[in-house]
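Work through the following exercises on charged side-chain pairs, and compare each solution with the sequence and coordinates shown here.

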Amino acid sequence: MKKIEAIIKPFKLDEVREALSELGISGLTVTEVKGFGRQKGHTELYRGAEYVVDFLPKAKIEVVLEDSKVETAIEAIIKAANTGKIGDGKIFVTPVEYVVRIRTGEINEQAI
């Protein structure tokens, strides 16, 4: 099993969710986060004063999948989240050793 964490632009969230849903992936967690990468934020003008916006709003999607579904899920995320502009985000994949569904006590693949 693997955990996919995708940091994307917030307005792309619905497109990514729909792309994953079309693959039969239904369980995911979404968190509103802030951060920056190479774009390093930007400056804005507010009431005549210029200020730096260091942390930009992003959406973080987390999903745990069987190994066989990971590559297709990554491809779907890339296709749905890509704008071709800086700040599109990143995808991280990490191994998951153990999963337990609290309600039923199911473990590993049966729990996801």
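**Exercise 1: a pair and its setting**

Take the side chains of Asp-67 and Lys-2, which meet in a salt bridge at 3.9 Å, N to O, and state where each partner lies and how accessible it is.

Solution. A salt bridge here is a side-chain nitrogen of Lys or Arg within 4 Å of a carboxyl oxygen of Asp or Glu. Asp-67 lies in the loop between strand S5 (56–65) and helix H2 (70–81), whereas Lys-2 lies in strand S1 (residues 2–8), so the pair ties together parts that are 65 residues apart in sequence. Helices (H or I, at least four residues) and strands (E, at least two) are DSSP runs, numbered from the N terminus. Asp-67 is partly exposed at 47% relative accessibility, and Lys-2 is likewise partly exposed, at 28%; buried means under 20% relative accessible area, exposed over 50%, and partly exposed in between (1.4 Å probe, protein chains only).

The model is predicted, local features need pLDDT of at least 70, side-chain atom pairs count only at pLDDT 80 or more, and totals for chains, interfaces and linings use all residues. Residues are numbered from 1 along each chain as its sequence is written, and side-chain values use heavy atoms, with hydrogens and water left out.

**Exercise 2: the whole structure**

How many salt bridges does a search of the whole structure find?

Solution. The search finds seven.
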